[in-house]
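Got a structure open and some terms to sort out? Let's go through them one by one.

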Amino acid sequence: MDIYLPIAAMSQDVFVLLALGGAVGFLSGVFGVGGGFLLTPLLIFIGVPHMVAVASSANQLVGASVSGAVAHWRRGNIDFHMGIVLLIGGFAGSASGVWLFALLRRMGQIDLAISLAYALLLGTLGTLMLAESTRAMLRLRRPGAGRRKLHQHIWLHGLPFKMRFRRSKLYISALLPLSLGFFVGVLSAVMGVGGGFVMVPAMIYILGMPTAVVPGTSLFQIIFVAASVTVLQAVENGAVDAVLALVLLVGGVIGAQLGTRFGMLLRGEQLRALLALLVLAVAAKLAFDLTIRPADPFSLETLGQ
Amino acid sequence: MRQALLLLLLLLGAAPAGAAEPLVADLTSHFVAITTGFTGANVVLFGATDGPGDVIVVVRGPNREAVVRRKSRVAGIWMNTHQLTFTGVPSYYAVYSTRPLDEIMPPAMRTLHDIGLANLRLGTVERNRSPQEIAEFRDALIRQRRQEALYADATGGFNFLGDQLFHLTLAFPADVPTGNYTVQIFLVRNRQVVGGQTSPLYISQAGIDAEVNDFARRRALSYGVLAVAVAALFGWLSSLPFRHA
């Protein structure tokens, strides 16, 4: 059964879209990340224009992260204070990101920028995560491993404007979450991702937040960053397909519930190792595609549609 | 179909009497609505001629600007390095003819009447580009559009009833651009155009999709805010059944 997507201006099989949303939702349920980093490339792969794919992913992300954040909020696992500081950085970042997106688009380099950003970021993260989860698995084998400290203090925490974050049991410079929020905001606008896959490791390893409050707080701030990206993309580039986003959401919600249940069957470090391999595979594919000779070196973009 | 038959009867009546007009033709419908579930559309063209001859039909969509970019290898990576912006590019262009165009009329005649992909009049925004470069980018534009089935030239497909009556099915793909189209019909005899007619066609989104698109264009901010609100509401609703999980 085909459905016509009004902004993408194309017909697409509704079951393909539901399956796509479902698969990405499943992964996000298993790994606790948004899955946007897979959704955008998959949408581009089925023929949705780059711009519409990025903007509509941000729109579907609003729904997906509300759904996830509500569950964490009920368990009291959101540090609102930290979330708001991240958010201030996030708004500035997403505004700059949408502007950067429009600039790159005019230069004809948006596709390259999206692919390069994905390849570099996913490659780095995948390697780091794989190393960390391997170490964790090895540590479990060794009995009598020492208890970890609450969190590691690094020099970054000592920067000025120190703030207390009670829920996270932290007293660190506000510049740190602000710049993290900014960086993730830019990513969100340019890549159509929530940035959970950057935010979550950064919250754990750079900010030193307790693991329990990380996913909820990350989702909480993603809601607002994704919302601002959606509105800015709608105004600046007219690229948000709300029908596409809604169909993806329907599939995503079902997938996420199944994924969460499946995720409970696996151990944390195994899960992280699996996610790392998945992330590395996507990065390798993107990097490889950039180096092979394109079938046709020419490409075409129609203006003013 | 009843409408088509009626039209055919009308043309049958008109053909012998209309000796003044060598060619009479019309579309069975001047409006194509793109609704949810649109997978392409067929529009039937009916016509009558005053005797044997070749028929050429040119379907042209609204003009747009289009950027053609060329990739080349920079430090091992393929990236866009050259670009050329064309103006007056038809968003859809199809030529149907009873025989191959070069058998029907000489190139100069085709240029005169703007018939065929080789005779698209495209302008460029950038100045100081060599004719070879422009030709190369122009070929690429036409090649890409052909692959998307938005540009086409087809020989045959005409159904003649005797030598004077014909009908032809114009097939539009699922991602046909919207806007005002023109359908030009030419009758060619002894390499000369002896009759011509132009018929308008309007392709537009209709129903809920058209309203969404129209709203998104005219009131982008409200649309963006609404898109966010709907997604957020959906996300919240979807978390309710799993509250106790």
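A: Let's start with a term: buried area is the accessible area (1.4 Å probe) that two parts lose on being put together, summed over both. This is a predicted model, where local features need pLDDT of at least 70, side-chain atom pairs count only at pLDDT 80 or more, and totals for chains, interfaces and linings use all residues. Residues are numbered from 1 along each chain as its sequence is written, chains are lettered from A and ligands numbered from 1 in the order in which they are written, and side-chain values use heavy atoms, leaving out hydrogens and water.

Q: What makes up the area buried between chain B and chain A?
A: About 4,500 Å² is buried there, and carbon and sulfur atoms give 62% of it. On the chain B side, R69(B), W78(B) and F234(B) lose the most area to chain A, together 14% of what that side buries.

Q: How many residues of chain B are in contact with chain A?
A: Contact means heavy atoms within 4.5 Å. By that test, 57 residues of chain B touch 51 residues of chain A.

Q: What helices and strands are there in chain B?
A: Helices (H or I, at least four residues) and strands (E, at least two) are DSSP runs, numbered from the N terminus. Chain B has 6 helices and 13 strands.

Q: Why is chain B called more spread out than a compact globule?
A: The radius of gyration is taken over C-alpha atoms, and the globule rule is 2.2 Å times the number of residues to the power 0.38. For 245 residues the rule gives 18 Å, but chain B comes out at 23 Å, well over that, so chain B is more spread out than a compact globule.

Q: How much of chain B counts as buried?
A: Buried means under 20% relative accessible area, exposed over 50%, partly exposed in between (1.4 Å probe, protein chains only). Of the 245 residues of chain B, 45% are buried.
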